[in-house]
2 protein chains.
Amino acid sequence: MTQTPEAEKIIKTLKNVAIFKGCDDKALERLAANAHLQKHTKGHILFIHGDEAARLYLVQSGWVKLFRETLDGTQAVVDILTSGHLFGETSIFEDDIYPYSAEVVEPSEIISIPLTNLKTEIETNNKLALNMLSAMARYRRQQDREIEHLSIQNASQRIGCFLLRLVNQSEDGAVTIHLPYDKTLVASRLGMQPETFSRALAKLRDATGLNVKGATIELENLNQLVSYSCAACSSEFPCKDLQAAE
Amino acid sequence: MTQTPEAEKIIKTLKNVAIFKGCDDKALERLAANAHLQKHTKGHILFIHGDEAARLYLVQSGWVKLFRETLDGTQAVVDILTSGHLFGETSIFEDDIYPYSAEVVEPSEIISIPLTNLKTEIETNNKLALNMLSAMARYRRQQDREIEHLSIQNASQRIGCFLLRLVNQSEDGAVTIHLPYDKTLVASRLGMQPETFSRALAKLRDATGLNVKGATIELENLNQLVSYSCAACSSEFPCKDLQAAE
């Protein structure tokens, strides 16, 4: 079958997404039917919590924030996703509505695929169903860990943990970390008010000797940060689940 | 095939578990091969975090606590489960180890099934894979909500939310709530130290007029509790996900 350049690009991207691994070309072509690849500017809202769910999304580049809002207007950030991550896909199991809102927070290229394609394919393709189960189990483990950290780590330890997940954990010696998005977003990803975040970051600096210059963080070595943050975690360092993209 | 009375009882229970709905008798017999139904006393440890995973478990009656421990000895409660709930089943996707420990916290009857049975069945039975995906999506939504609540509800609101999930939410007028297990366990399920829990419960009592007598809680009507707790939640009351047993 001859593909448009857009469809070719989409299929090429799908091949590298964990849940589509091992799907043959025909299956990927069926999934990519009526898919789109679009550029979006910062601030673009893809959908709102409760909207009827029609498409699943895959971040090709950039960053997307998933969030919900409470009755009193507080925003709860569910996740902030980048290249290779899917969202909206579980709506095929959830009364066809989106369980959160999605906002583009950095200029992004995003693939969207009709949910009916996924639904039809998954009902007949057991390999895809098993891949998706495996991805969901991985995500569940990440959520378990997040719930654990929210329960038992203090704010400074949570920031330390966030930073440790950005570095090459097998590295020795001095380390430079670049925050992937702005500090206000990091704070809300960690469920903190900006003031709480600033205070906790200052406390973390005093405890571990890290050096903050805007969005860049320098550290003489990882050990102090590890012993400070990982004391309140049930997993061992290095973190086993770091390759866990969906 | 003639079944032993134990196998018959196990198959009867499996029929009522969401992920096995629609599986035919042959499939249930294959799943229940070498399954056991056992009674356990309070305090019995079923397995430890990191143990090689060999079986999945289903609570027939009683209560089981899933937990992890940090390097510094703090316990993080992952979940406390009762009749109809499965655990250990995701280990087929997780390097065959248990991602938490499991302890019986009230006298319980528990079914255990070899994980290889589930693995073999799921690889050939797309209906079972889809049921399991649906259950995982539901669980994921519950975890999302729990992460949201840990981020934005205060301790008193979290207790109120826990209580609201124990009542018939369509009821009008006076309400009596019985705690399902002891207060120390409720506190740890909510990620609180016992002192924090006591203070937060006293604050909730002052704010909503509820009356605490041991493990029984009385309330003149739900509205005050709803407006107090659900203000810091992105879902509407009544909670849509309450029927979501696995």
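In this predicted model, chain A has a mean pLDDT of 92, with 98% of its residues at 70 or more. For the complex as a whole, the predictor reports an ipTM of 0.89 and a pTM of 0.91.

The relation between the two chains comes next.

Leu133(A), Arg140(A) and Ile147(A) supply 17% of the area that chain A buries against chain B, more than any other three residues. The polar part of the interface can also be counted: 15 residue pairs are in polar contact across it, both residues of each pair being at pLDDT 80 or more.

Salt bridges are the next topic. Side chains of opposite charge can pair when their charged atoms come close. Across the interface of chain A and chain B there are 4 salt bridges, and the count over all chains is 16. Arg140(A) forms a salt bridge with Glu89(B), with the closest N and O atoms 3.7 Å apart. This pair crosses between chains: Arg140(A) is in helix 4 (residues 126–152) of chain A, while Glu89(B) is in the loop between strand 5 (86–87) and strand 6 (101–114) of chain B. Both Arg140(A) and Glu89(B) are buried.

Within chain A, the side chains of Lys15(A) and Asp25(A) meet in a salt bridge at 3.5 Å, N to O. Lys15(A) lies in helix 1 (residues 5–15) of chain A and Asp25(A) in helix 2 (residues 25–32) of chain A, so the pair ties together parts that are 10 residues apart in sequence. Lys15(A) counts as partly exposed because its relative accessibility is 41%, and Asp25(A) also counts as partly exposed, at 45%.

A further salt bridge in chain A joins the side chains of Arg189(A) and Asp79(A), at 3.3 Å, N to O. Here Arg189(A) belongs to helix 6 (residues 183–189) of chain A and Asp79(A) to strand 4 (residues 75–81) of chain A, so the pair ties together parts that are 110 residues apart in sequence. Arg189(A) and Asp79(A) are both buried. Salt bridges that share partners join Asp79(A), Glu146(A) and Arg189(A) into one network.

A last stop is Ser156(B), which lies in helix 5 (residues 155–164) of chain B. Ser156(B) has a relative accessible area of 2%, so it counts as buried. Leaving out residues up to four places away in sequence, Ser156(B) touches Ala200(B), Lys203(B), Leu204(B), Tyr228(B) and Ser229(B).

Terms used:
Residues numbered from 1 in each chain as written. Chains lettered and ligands numbered in written order. Heavy atoms only, no water. pLDDT = per-residue confidence, 0-100. Helix = DSSP H or I, 4+ residues; strand = E, 2+ residues; numbered from the N terminus. Buried < 20%, exposed > 50% of the residue type's maximum accessible area, 1.4 Å probe, protein only. Contact = heavy atoms within 4.5 Å. Buried area = accessible area lost by both parts, 1.4 Å probe. Polar contact = N/O pair within 3.5 Å; in protein donor to acceptor, adjacent residues only side chain to side chain.
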